[in-house]
Every structure is written in C-alpha cells, then in structure tokens.
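Trainee: I would like to go through this model and ask what stands behind each label.
Mentor: Go ahead, and we will take the labels one at a time.

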Amino acid sequence: MIRALGRRDLVLLFVVAVFNLNVVPSIAANGGVTIWLWIISLLLFFWPQGIAVIELAHRYPGEGGVYLWAKEVFGDFHGFLSGWCYWTNNMLYAPTVMLYFVGVSVYALGPAHLSLADNKFFASATSLTLLALLTALNIVGLGVGKWINNLGAVGTFIAATVLIGLGIIIWSRFGTTITATDFKIPADPRFVLNSFGVICFGLVGLELASVMGDEIQDPRRSLPGAVAWGGILSGALYLGATLTLLIAVGKNVNVLQGIVQAVSNMAGRIGLGWITVPFALMLSLSIAGIGSAWIGGSARIPFVAGLDSYMPSWLGEVHPRYATPYAALVVQAVVSALLVLGNFFGWWFWDKLMAVLGLLPRLYLSPAGAGEVFQKLLSLAVVLQLVPFIYMFGALVKFAVKETIPRGHYPRTTLFLAGASGLLTTTVGIALVFFPAQQITSLWSYEIWMVGGTLFFIGLAAFFFFVYGRHKALQPKIGKGTTLVVPLGDQ
C-alpha cells in the first residue's frame with residue numbers, strides 16, 4: 001500500500017469525517033435540549049474516543065483499525081464482528097450521505113426545483129450517480145481520493161463559517177425566538193432520546209485514519225496531533241452549527257435541507273439571498289468529501305477480512321495499477337446502491353402487493369419519503385457503527401485493570417476513566433436510538449427495521465466467521481509450484 005496521507009491530510013480527513021453537517025438538522029429538530037446532549041457526548045464519548053484511538057494505534061499500528069484492535073485484544077471473532085459492523089454501517093451510512101447530497105443540491109437548481117428532493121426517481125438516480133463517481137475515484141487511489149476528502153474539508157469549513165457567521169448577524173440584529181425554556185427537557189422526551197445515539201454517531205471518525213494505517217506517513221508521530229486538532233475543530237463546529245439552526249429556523253428543521261434552509265432564511269432577512277446557490281454548491285462539495293472519506297476508509301475492513309480468509313479471498317485483492325482494494329470498494333458500492341433502491345421502492349412494492357392480496361393493512365408498510373428513508377438508514381447505521389466502540393473502550397478498561405505497568409501511550413488512570421466513560425456512553429447511545437425520531441410515521445415498521453436489521457447483519461457476521469471461514473480453512477490450497485504429497489492407503 002502507498003503511504004499517501006500526511007499530517008495535514010489527516011487533520012482534514014478527521015474534520016470531513018467527524019463533522020458531518022448532514023446529521024445536524026435531524027438533531028437540531030429536537031430543540032435546544034440537544035445542546036446539552038452535545039456537551040455530554042463531547043465529554044463522555046468524544047474525549048475517550050480520542051484517547052482510545054491514540055492508545056490503540058500506538059500499540060497496534062497497521063491496516064485494519066477497529067478490526068485489528070479488537071482482534072488483538074479480544075480474539076479473532078470479536079475482531080471480525082467489530083470490523084464487520086464498522087463496514088456494514090458504512091454501507092448503510094453511504095446512502096444517507098447521497099440522500100443528503102440530493103436534498104442540498106436541488107437548492108443550486110433554483111427555488112422551482114426544490115420538490116425534486118422528494119421525487120423518488122430523481123433522488124435515487126442522483127444518489128447512485130454520486131455513489132458510482134466516489135467509488136471510482138477511490139479505486140484510482142488515495143493519492144486522488146484524498147483530494148476529494150481535502151476539498152470536502154475546505155467546503156465544510158466554508159459552509160460552517162457562512163452558516164455560523166449569518167447566525168451571529170441575525171442574532172445581533174433581530175434577536176431570536178429561542179428562549180431558556182427551549183433548552184429544558186421536554187415533557188415527552190421520546191424523540192429527544194433518539195438524538196443522543198445520533199449525536200454519538202456524529203462524533204465518530206477519529207478512528208477512520210487508523211483503518212488505513214499502512215497508508216499513513218509515520219503514523220506514530222502524525223496521529224496524536226492530528227486527532228487533537230481534528231477533534232477540537234469538529235466539536236466547536238458541531239456546537240456552533242446546532243445553535244445557528246436553532247436561532248435561524250427553530251425546531252421546524254427539514255432533516256435533508258435544514259442547513260440550506262437556514263442559510264436561505266437568514267440571507268433573505270439581511271438582503272443576501274443570492275448567497276444560497278453558491279452556498280448549496282459549496283455544501284454539496286462538503287457532502288461529496290464526507291462520502292468519499294467513509295467509502296474509502298471502510299472498504300479496508302472487508303479487504304483485511306478477505307486476507308484473513310473470513311470472507312472471500314478476492315475481497316483482499318489489490319488493483320494491479322492503483323494499489324487499492326478495488327474489489328471491496330465495488331462490493332460496498334453495489335450493496336449501498338441496493339439499499340438506496342430497496343428503501344425507495346422495495347417497501348412501496350411490498351405494500352402495494354399486500355394491499356391487493358388483502359393480507360396486511362396498507363398503513364403497516366407505507367411508502368417512505370426521502371426524509372423518513374434517511375432517518376431509518378441513519379438509525380440502523382448508528383447501532384452498527386457504535387458496536388466497534390464497545391470493543392475500543394473495553395480494550396482501554398482491560399489494559400488499565402490487567403497491566404500493572406502500562407505498555408502504551410497513557411497511564412492506567414487515564415485509560416480506565418476514558419474506557420469506562422466511553423463504554424457507558426456507547427451502550428446508552430445504542431439503546432436510545434431504538435426510540436423513533438420525529439420523522440418516523442410508523443412505529444412498528446421502524447422497530448421491525450431496527451431489530452430485524454441489527455439481527456440480520458450480526459447473523460451474517462456469525463455465518464461468515466463460523467461457517468464460511470472454517471469451511472474455507474479446511475479447503476486445500478493448491479497453486480502454481482505446489483507439491484502434493486498423497487499418502488498411499490489400502491486402495
């Protein structure tokens with residue numbers, strides 16, 4: 001593998017991977033109480049995450065990241081399950097990024113085209129086109145793909161600066177309708193509970209570079225500083241963006257178009273309405289960078305699993321010209337594309353069929369709009385994404401308890417506090433995301449999707465490890481130059 005990532009590339013990668021503007025509207029829609037959830041998550045989840053990434057990357061540098069770490073600390077199956085959840089989460093998360101791109105990019109086409117975001121055919125076609133483009137760029141290599149990430153980070157900085165700057169101007173000139181009451185826990189906190197898991201999900205990403213450990217220039221020296229700067233910048237941007245949305249739009253935030261919606265409203269009030277189109281273009285670039293970063297990074301998991309023989313060995317193949325895991329990238333893109341199509345049209349087809357046959361009520365599996373599809377994919381992605389962090393934080397606790405003299409980067413007290421805090425927060429975040437968000441129209445459909453999806457992906461992991469992996473290990477490996485020794489029996 002080519003070591004193409006320097007320290008500056010890592011800082012920009014962390015910002016574009018961690019600070020995802022696409023999750024902010026769905027969180028801000030639950031009101032001012034989410035600001036407290038951000039602060040709690042930054043202290044109890046994000047800080048421990050930085051400690052865990054630096055510690056584990058110091059002890060176990062190399063390609064694979066969360067896969068390698070869990071494998072070294074807890075054993076082969078746990079390593080595979082950690083990596084599997086990390087990868088499958090990103091196959092679910094990539095479509096949400098594509099959908100968010102659709103919701104934002106229509107603003108660049110002008111006000112008359114905003115309804116296209118809810119057009120299933122337009123949204124799915126645009127999502128699939130962007131997915132194919134980003135996959136192709138990552139196949140060409142990180143030397144090219146990293147520039148999409150870097151441009152996405154620059155777009156993120158500019159978009160966040162414009163958003164927060166407009167919010168400050170609006171607040172200073174006109175004040176805000178948000179009051180202290182909006183920052184209190186609501187009487188019905190069900191919808192807010194989902195936000196905590198999504199916030200933890202929004203704060204992941206510091207571990208992404210370590211998944212590409214063999215492609216970093218001097219990782220032991222580059223990672224700690226890059227993690228610190230990336231974490232500080234991302235945390236500050238999240239708080240500023242959420243506050244700005246609350247000031248500009250309030251709780252009536254559209255989950256797909258909330259950021260541009262806020263900028264359009266604020267710019268119109270101060271006579272800068274022209275800024276909406278260039279802002280939408282810049283934000284679209286940021287979203288493309290986010291998608292590129294996660295598509296490229298997560299594909300390294302099945303690549304390593306293929307090398308370990310727990311998945312088909314061809315997933316471990318490297319492109320002969322570009323030295324990238326092209327097979328894993330293609331498989332990941334195909335599955336993500338099927339998820340996009342399935343969520344737009346699969347439930348719709350099933351619902352129509354059941355209605356004709358009279359077997360199930362139409363309301364049970366009603367066709368979902370882009371906003372609800374986005375929220376369902378995001379919620380299941382949260383569950384799968386947080387599973388590897390249970391292993392990461394559990395590893396810190398194990399180091400602190402079992403090692404009288406620490407062998408890593410941090411002392412025992414720091415490891416224990418970070419591990420215990422992160423482990424508790426992660427567990428709570430996974431549990432709370434099973435509470436539906438406001439955009440969900442059918443509770444039963446949502447819970448079947450969440451529980452069934454979680455069991456399905458974990459069941460697939462068990463199949464590949466215990467059935468496929470063992471069967472493959474028993475097969476004789478015969479290649480060119482192999483000498484076969486056949487024992488003579490009674491026959």
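**Labels and their grounds**

Mentor: To begin with, the structure holds zero disulfides. Keep in mind that this is a predicted model.

Trainee: Why is cysteine 85 called buried?
Mentor: Its relative accessible area is 0%. Buried means under 20%, so cysteine 85 counts as buried. Cysteine 200 is also at 0% relative accessibility and therefore counts as buried.

Trainee: How do you know whether alanine 153 is buried or exposed?
Mentor: The relative accessible area of alanine 153 is 0%. The limit for buried is under 20%, so alanine 153 is buried. This residue lies in helix α7, residues 142-174.

Trainee: Which residues have the most contacts inside the largest nonpolar core?
Mentor: They are Leu21, Phe80, Leu92 and Leu283, in a core of 128 residues. Helix α15, residues 370-402, gives the most to this core, with 17 residues.

Trainee: Which residues does leucine 283 touch, leaving out those up to four places away in sequence?
Mentor: Leucine 283 touches Leu21, Tyr100, Val104, Ala159, Ile259 and Val260. A contact here requires heavy atoms within 4.5 Å.

Trainee: Which residues of helix α4 are buried?
Mentor: In α4, residues 66-74, the buried ones are Val66, Tyr67, Leu68, Trp69, Ala70 and Val73. Glycine 75 follows this helix, and its phi is positive, near 115°.

Trainee: What makes isoleucine 39 partly exposed?
Mentor: Isoleucine 39 has 33% relative accessibility. Buried is under 20% and exposed is over 50%, so a value in between is called partly exposed, and isoleucine 39 is therefore partly exposed. It lies in helix α3, residues 33-59.

Trainee: Which residues make the nonpolar surface patch that includes Ile39?
Mentor: Trp36, Ile39, Ile40, Leu43 and Leu44 make that patch, of about 460 Å².

Trainee: How many salt bridges does a search of the whole structure find?
Mentor: Three.

Trainee: What makes the pair of glutamate 55 and arginine 59 a salt bridge?
Mentor: Their side chains meet at 2.6 Å, N to O. The cut-off is within 4 Å, so the pair qualifies as a salt bridge. Both residues are buried.

Trainee: Why are glutamate 55 and arginine 59 separated by about one helical turn?
Mentor: Because they are four residues apart in helix α3.

Trainee: How far apart are the closest N and O atoms of arginine 59 and glutamate 403?
Mentor: They are 2.8 Å apart, and the two residues form a salt bridge. This pair links distant parts of the chain: arginine 59 is in helix α3, while glutamate 403 is in the loop between α15 and α16, 344 residues apart.

Trainee: What makes glutamate 403 and arginine 407 a salt bridge?
Mentor: Their closest N and O atoms are 3.4 Å apart. That is within 4 Å, so the pair meets the definition. Salt bridges with shared partners join Glu55, Arg59, Glu403 and Arg407 into one network.

Trainee: Is arginine 407 buried or exposed?
Mentor: Arginine 407 has 56% relative accessibility, and the limit for exposed is over 50%, so it is exposed. Glutamate 403 has a relative accessible area of 12%, which is under 20%, so glutamate 403 is buried.

Key
Residues are numbered from 1 along each chain as its sequence is written. This is a predicted model: local features need pLDDT of at least 70, side-chain atom pairs count only at pLDDT 80 or more; totals for chains, interfaces and linings use all residues. Side-chain values use heavy atoms; hydrogens and water are left out. A nonpolar core is a set of buried Ala, Val, Leu, Ile, Met, Phe, Trp, Tyr and Cys residues joined through side-chain atoms within 4.5 Å. Buried means under 20% relative accessible area, exposed over 50%, partly exposed in between (1.4 Å probe, protein chains only). Helices (H or I, at least four residues) and strands (E, at least two) are DSSP runs, numbered from the N terminus. A disulfide is a pair of cysteine sulfur atoms within 2.5 Å. Patches are made of residues with over 30% relative accessible area and no salt bridge: like charges are joined within 9 Å, nonpolar side chains (Val, Leu, Ile, Met, Phe, Trp, Tyr) within 5 Å. Accessible areas come from the Shrake-Rupley method with a 1.4 Å probe; for residues, only the protein chains shown count as cover.
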